[in-house]
Every structure is written in C-alpha cells, then in structure tokens.
Amino acid sequence: MTSPVEDVEVVAARRPQPRRGVSLRDAGPPIALVVIFLVFSALSSDFRTIGNVQNIMDTAAVLAVVTCGITFVLMMGSIDLSAPGIMGASAIAVALLVANNRNDNDLGLIGILVAVLLAAALGCLSGLALVLLKVPSFMTTLGVSAVGLGVATLMFAGVQPNISDAMLKGWAVERFLGFAYLTWIAVGCVLLGYLVQRYSRLGRYAFAIGGAEEVLALSGVKVAPYKVAVFTLAGAFYGLAGVMVTSQLSAGLVQAGKGYDFAAITAAVVGGTLLTGGRGGILHSAVGVLLITALTNGLVQVGVSPYWQGGVQGLIVVAAVAAAVVPQRRRNQVTK
Amino acid sequence: MSTPVLATPAADPAVVSGGPTVGQRLTSFMPLIALVALLAALTIADPDFLTQRSLTAAVRTSAPLVVLAAGATLVVLCGGIDLSIAALCSLSTVFFAMWLPDLGGLTALAVVVAAGAIGAVQGLAHVLLRIPSFIVTLGGLSIFSSVALVISDAGPIRVVDRDATKWLTLYVGGVVPMAFFVAVLVVAAIALVLRLTPVQSWITATGFSESAARLAGTPVDRVKVAAFTVSGACAGLAAVMLVSRNFSGSPTMADNLLLPAVAAIVVGGTAITGGHGSIWRSLVGALVITLLRVGLPIVGVPSAWEQILYGAIIVAAVALTLDRSKVLIIK
C-alpha cells in the first residue's frame with residue numbers, strides 16, 4: 001500500500017505494490033541455483049568439472065520433460081500423480097513397437113508417436129474423469145496411474161522387451177555440442193512448453209483457470225474442454241519422457257516412471273509454481289529441475305547416500321509449500 | 001486438497017426435512033451388497049471357495065489392509081487424505097526387524113508408538129504450516145521410503161526370533177485368524193471411542209464444514225492431529241502383522257498396499273470430501289478389495305488387471321460418494 005506522502009511526490013508510485021514481492025519470488029530460485037552450484041563447487045572438486053555439468057544436464061533431461069507436463073496441470077491448481085503409470089505404459093509400448101527382441105515390429109519414429117499418443121489418451125482419461133465425473137484430480141490421476149501400470153504389466157507379459165532400434169538407442173548415447181540428444185529433446189520440450197504457455201489460448205486459459213476459475217466461467221469461457229486438453233498435453237509429455245527412459249535403459253520397464261511424479265512436483269514447486277494455481281510457469285519449473293538435479297548430484301558427490309534423494313525432495317517440497325503459504329496464512333483458513 | 005468450500009451452507013430444505021430416500025438407503029448398503037455379490041460370484045465360479053479353509057485364508061490376508069484402511073479413514077473423515085500409510089508401514093516393518101533383538105516382546109508396542117508419533121508429526125505439519133494434507137503426506141511418503149532404504153541398506157532384514165510375532169499367527173477358537181481378530185478389535189475400539197466421546201461429532205463437523213466447526217468451538221486442529229496420529233499407529237500395527245506373516249522387514253514391503261487401502265476406504269462409501277462415512281464401512285471395503293484380489297485368479301483374470309481394476313474402482317467409487325453440494329470447483 002502506498003502512503004499518501006508518496007502519492008504526492010511520485011505519481012508513478014501508484015502501481016500496485018505486490019509486484020515487488022512477485023519479482024523477488026521470481027528471482028529466488030535462480031539465486032538458489034547459483035548458490036547451490038557455488039557451495040558444492042567449493043565442497044567437491046569433482047562437482048566443478050565440465051564433465052559433471054554435462055552429467056547434470058543429461059540427468060535432468062527426463063525430469064525436465066515430465067515437469068513440463070505437470071507444470072500446466074499445477075498452473076490450473078490441479079495436481080497430477082499419473083506420471084509413473086503413464087510413463088510405464090508408454091515405455092513398454094515404445095519398446096514393443098520399435099525393433100526389439102519380442103516381436104518383428106520396426107516402426108521407428110511412428111512407434112514413438114504411437115506411444116506418445118497412447119500416453120496422451122491416458123492423460124485425456126484423467127481429464128475426462130475430472131470434468132465429467134467431478135472427481136478431484138489427485139484421485140483421478142491416482143486411478144489413471146494404476147490403470148497405466150496395469151496396461152504396462154499386461155503388455156510386459158513377463159518378458160522384458162529389449163530394444164535394438166539404433167536411432168532410439170542413439171538418443172541417449174550420441175552427443176551434439178557436448179550434450180546427449182535426449183538433453184536437446186528436453187530443451188526443445190521446454191521451449192515448446194514455453195511457447196504454448198505464453199502464446200496459445202490453452203496456456204493463457206490454464207493460468208486463468210488457476211487464478212480464478214469462477215471469473216473465467218462467468219465471462220463465458222467453456223472451461224471443461226481446456227482442462228481435458230491440459231491433462232492430455234501433460235500425458236503426451238509423460239509419454240515422451242517414458243520413451244526417453246526406454247532409450248536410456250535400452251529396454252522397456254514397467255517401473256520406468258517410478259518416483260518421477262513426486263520429483264516433478266518438487267521441481268515445479270521449488271521453481272515457484274504455486275500448488276493453488278495461477279502462478280509460475282515452464283521456465284520457473286526448468287530452473288526448479290536444474291536445482292533439484294544439481295542438489296541430488298552434489299549430495300552424492302560429497303558422499304551422501306543416494307537413497308536419501310527422496311527424503312531430501314520430500315523435505316524440500318514441504319518447506320517450499322509452507323513458505324509459499326505464509327503470505328496468505330490468514331486467507332487460507334481451510335486447509336484440506 | 002484445497003477445495004473451495006461454500007461460505008454458507010447450501011439451502012436445501014428437502015434434504016433437511018425428509019429422511020433418506022430409498023435410493024440413498026440402497027447406496028449406503030452398497031458395500032455390503034457388493035461383498036455378498038462378490039462372494040456369490042466367486043462361489044459360482046469355484047464351488048470350493050465357500051469353504052472354511054479358503055475363507056479363513058482370505059480374511060487372514062485382509063488383516064493388514066483392514067488396519068491400514070481403518071486408520072486412514074479417520075483422516076478422510078476430517079476431509080484430508082493420508083497417502084503416506086503404505087510407506088510408513090514399510091518403514092515400520094524395518095523398525096520392527098531392527099529393534100526386535102534389543103526390545104524383544106516390547107517391539108510391537110514400540111513400533112506402533114513410533115509410527116503414531118511420526119503420524120502426529122505429519123498432522124502437526126499439516127495444521128501448523130497450513131499445507132494441504134495430500135502434499136504433507138506425499139512428502140512423508142517420499143521421506144519414509146528413503147529413510148527405510150537408508151537404515152535397512154535397501155534390502156530385507158530377516159526376523160530370526162519368531163516367538164515375538166507368534167501370537168498373531170494363532171487362531172481364535174481354531175477358526176478366526178488372530179491377525180484378523182486384532183484388526184476387527186482395533187476397528188471396534190476406535191468406533192467405540194468415537195461413539196462414547198464427543199470426538200465423533202468433532203470429526204464429522206470438521207469434515208463437513210471446517211470453518212463452521214471452528215466457529216462453533218470445535219478443537220479442529222487437535223482433532224486433525226489426533227486423526228493423523230491414529231492413522232500412523234495403525235500403519236505401525238499393520239507392519240507388525242506383515243512381519244508376522246513374512247518373517248522379515250523390508251523397505252518396500254507394504255508399498256503396494258496404498259492403492260488397495262485408498263480403494264477400500266472409497267469403496268466402503270466414505271466420501272473423499274469428508275464428514276460422511278464410518279470406520280466400519282472401511283472394514284467392509286477392505287474385505288471387498290481382498291475378495292477381488294484373491295478372486296481374480298480364481299475367475300481366470302491375469303493379475304495385471306488388478307491394477308487397472310483398482311484405478312477404475314477408485315475413480316468410480318469417489319464419483320459415487322462425492323458430496324457435490326460442498327465443492328463448487330473441482331480442482
């Protein structure tokens with residue numbers, strides 16, 4: 001709130017004050033990223049090598065793609081726990097559709113496309129259950145995750161499909177400008193996500209739905225189709241991530257997406273996306289992904305057991321959400 | 001789950017004045033009907049199913065699920081959700097296996113107390129930091145799994161001293177497995193405490209309308225913390241039951257019980273929006289889920305369909321029991 005004295009002196013100071021807070025929120029995660037890099041560089045000589053930076057970027061690739069998808073859902077104020085199931089289904093599907101040891105399929109790029117479409121269909125399913133049955137998204141996506149895992153187990157049929165497709169295998173190994181192809185795919189996804197978020201009606205409405213759905217609905221926008229579309233888009237991103245995991249492992253695994261749902265939520269929340277929706281975005285989440293990956297990498301480099309990874313993420317997400325809630329404690333009387 | 005709640009109660013005099021309609025009565029008995037129908041279907045598919053031996057085996061497997069679902073039901077009745085029960089249960093199996101050599105007969109009690117304390121911490125985090133319950137417990141899930149992995153070195157720990165859990169493998173009257181008997185006893189004890197104290201109305205009030213309950217002087221925060229504590233303690237007890245069956249503690253032993261437990265709660269008819277439901281319903285729900293689990297192979301359905309079925313059941317049951325008057329916008 002501007003005081004009357006300021007009003008008289010500077011007319012331009014009448015801009016709404018909260019902007020200052022927002023800009024601090026936007027600057028926080030990148031600053032934290034730099035701090036983490038500096039701290040671990042000081043602690044570990046292995047951390048501050050070019051090779052390790054490449055390593056961090058390559059490790060972050062899959063998480064970045066998953067986070068692209070989940071960010072749109074979080075922007076709407078919904079939540080998505082379906083990544084493990086959808087990634088599992090698409091990982092097995094793509095392994096069975098490209099050249100592999102289980103059947104004679106050799107569809108190449110078309111196989112990848114089919115797997116991504118299957119994932120998008122599963123995402124669409126959770127969106128439809130949300131808007132048609134009016135079931136809260138954390139329940140629909142928990143259900144769809146189970147369905148995805150079931151579909152994956154059915155296709156898995158007890159024999160692990162190992163891929164022999166040279167192109168898909170190459171994605172994880174071959175490098176361009178020092179980074180694996182997968183990393184460039186992730187960069188492409190972040191760019192695509194940013195363009196959708198910034199310039200398409202879908203992205204703008206996703207923001208608006210998270211900010212004030214009532215207002216959007218009252219101004220005549222049919223919200224439901226956009227919600228379904230957002231979940232479908234998120235599903236497609238998870239599907240691509242499942243394909244990427246298959247490329248890394250050279251085999252299709254049902255558990256391809258285990259833990260990615262929570263890691264992606266952590267990354268998005270740390271990057272500055274609010275779980276209540278309406279704030280944040282793809283670029284915020286991308287910073288969050290780098291932050292989480294650098295932290296995990298750094299902790300391992302200084303000798304912390306890799307099993308702590310999930311625990312650290314859990315603490316971070318609780319702390320980040322608690323910190324984000326502090327400014328609106330009063331308003332937020334009811335917490336479910 | 002932060003769902004916008006109506007500031008004023010929805011004006012719906014028809015519901016207030018008239019009793020439940022025939023349709024509503026029927027839906028409230030749905031879990032029991034489903035249970036009987038499943039039993040009948042399985043008996044038709046395999047006449048040997050309705051024998052004492054296979055029924056005893058079925059209720060024996062259901063015991064940990066009943067306890068897990070019963071505890072988490074309290075949290076759901078308050079309008080929250082506890083996604084950490086399965087991970088906490090896994091962690092507790094590790095605790096049990098590690099503490100048994102030192103504590104001997106007291107281990108079971110110690111594990112239940114420790115799990116209850118961990119549950120209380122989650123409840124406090126939810127209430128004091130004002131974080132939605134599903135994000136607290138999702139964080140808890142991740143933390144408990146990783147703690148279990150670290151302290152157990154990511155492998156199962158064998159339980160050599162089998163006398164400590166022998167009592168759970170006995171049979172009451174030669175028929176009812178002790179584990180199931182204990183599970184029903186826990187459900188009855190919780191139900192009795194709820195019935196005889198004001199806690200029942202506190203929980204219902206909190207679940208139906210938290211702000212109204214707060215204004216009416218209900219100790220909402222304490223009720224929620226208590227619900228999380230009981231949920232944690234139940235996860236600990238379920239862990240003791242699992243160890244008595246598997247003779248080992250493992251950091252991932254109970255992880256696949258999360259979906260069945262959530263499914264048991266919603267199939268029982270407890271509304272995910274809070275307020276409506278009961279702990280007995282979850283007992284019936286857990287039996288339905290267990291029958292499905294043991295029944296699918298009998299009918300000849302591959303077990304991969306089990307997961308798909310859980311997913312479909314959860315979404316369908318939540319859609320049926322959801323209190324739509326309370327939620328304006330579904331997030």
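## Chain B overall

In this predicted model, 79% of the contacts in chain B between residues at least 6 apart in sequence join residues at least 24 apart. The chain is made up of 14 helices and four strands, and 52% of its 331 residues count as buried.

The C-alpha trace of chain B spans about 60 × 50 × 35 Å along its principal axes. A compact globule with 331 residues would have a radius of gyration near 20 Å, and chain B agrees with this because its own value is 20 Å.

## A helix pair in chain B

Two packed helices are described by the angle between their axes and the distance between the axes. For helix 8 (residues 178–196) and helix 11 (residues 220–246) of chain B, the axes come within 11 Å and cross at roughly 170°. Helix 8 of chain B is therefore roughly antiparallel to helix 11 of chain B, since angles over 145 degrees count as such.

From helix 8 of chain B, the residues in this contact are Ala179(B), Val186(B) and Ile190(B). They meet Val230(B), Cys234(B), Leu237(B), Met241(B) and Ser244(B) of helix 11 of chain B. By class, the residues of this contact are seven nonpolar and one polar, with no charged residue.

## Chain A overall

Chain A has 13 helices and two strands. Of its 336 residues, 53% count as buried. Contacts between residues at least 6 apart in the sequence of chain A join residues at least 24 apart in 77% of cases.

## Helix 13 of chain A

Helix 13 of chain A covers residues 309–325. Its 17 residues should span 24 Å at 1.5 Å a residue, and the end C-alpha atoms are 24 Å apart, so the two values agree.

Buried residues in helix 13 of chain A include Gln309(A), Gly310(A), Gly311(A), Ile316(A), Val317(A), Val318(A) and Val325(A). Their cover comes from both chains: it includes helix 11 (260–271) and helix 12 (282–301) of chain A, together with helix 6 (107–128) and helix 7 (133–152) of chain B.

## Where the chains meet

Between the two chains, 47 residues of chain A are in contact with 48 residues of chain B. On the side of chain A that touches chain B, the elements giving two or more residues are helix 5 (109–133), helix 6 (137–156), helix 9 (201–218) and helix 13 of chain A. Helix 6 of chain A gives the most, with 14 residues.

This side of chain A has 25 nonpolar, 17 polar and five charged residues.

Definitions and conventions
Residues numbered from 1 in each chain as written. Chains lettered and ligands numbered in written order. Predicted model: local features only at pLDDT ≥ 70, side-chain atom pairs only at ≥ 80, totals over all residues. Buried ≥ 20, exposed ≤ 12 C-beta atoms within 10 Å, placed from the backbone. Contact = placed C-beta atoms within 7 Å. Axes fitted to C-alpha atoms, helices over the stretch in contact; angles between N-to-C directions. Parallel < 35°, antiparallel > 145°, perpendicular 65-115°, else oblique. Nonpolar A, V, L, I, M, F, W, Y, C, P; charged D, E, K, R; others polar. Expected span 1.5 Å × (residues − 1). Rg over C-alpha atoms; globule rule 2.2 N^0.38 Å.
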